[in-house]
Amino acid sequence: MDDTLTVTLLELEHRGWASLCDGTGDGFYGRLMTEDAVMVLANGATLGRADVVASLAAAPPWDRYEVEEARVLPVGPDAAALVYRGSGHRRAGPDFVGMMTSVYTRVDGEWRLVLYTQTPLADAA
């Protein structure tokens, strides 16, 4: 797998997490997600782009996060999946630890998020 692609997708993922920490996740994901993108959350909810933006606008920020064990898997000539163990920590709530998958597609030369999933790791929280 191309190291440049791994660095690029990890950078996007870190920018996303940083936006969730500083309260700008609604704008960041509103721009990053394709029009028909979906997020499948750990609780089973499946949200389209507009619902993700609305949800993040009302969500409390994360205090810190970790991204570990990341790897990129090719899906096609202009698509790739980033799979990693992620954790988010809030002082005012429970930590979340899970396996994350972000599927990106290249649109007009820019990587855009088309699918994101969370699978909780109950024994890790």
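**Notebook: a pocket and a helix pair**

I sorted the lining of the largest pocket by class and got 23 nonpolar, 9 polar and 4 charged residues. Nonpolar stands for Ala, Val, Leu, Ile, Met, Phe, Trp, Tyr, Cys and Pro, charged for Asp, Glu, Lys and Arg, and polar for the others, Gly among them.

The model is predicted, so local features need pLDDT of at least 70 and side-chain atom pairs pLDDT 80 or more, while totals for chains, interfaces and linings use all residues. Residues are numbered from 1 along each chain as its sequence is written, and side-chain values use heavy atoms, without hydrogens and water.

I looked up the volume of the largest pocket: about 660 Å³. Of its 36 lining residues, L41, L56, W62, R90 and Q118 are the closest to the centre. A pocket here is an open set of points on a 1 Å grid over the protein atoms alone, where a 1.4 Å probe fits, with protein on both sides within 12 Å along at least five of seven lines; lining residues have an atom within 4 Å of a point. The volume is the space filled by probe spheres set on the points, which are joined across faces, edges and corners.

I then checked which elements (DSSP runs; helices are H or I, at least four residues, strands E, at least two) form the lining. α1 gives the largest share, 5 residues.

Next I took α2 and α3. Their axes (lines fitted to C-alpha atoms over the stretch in contact, angles from 0 to 180 degrees between N-to-C directions) come within 8 Å and cross at roughly 165°. The two helices are therefore roughly antiparallel (over 145 degrees).

Technical notes. Angles under 35 degrees count as roughly parallel, over 145 as roughly antiparallel, 65 to 115 as roughly perpendicular and the rest as oblique.
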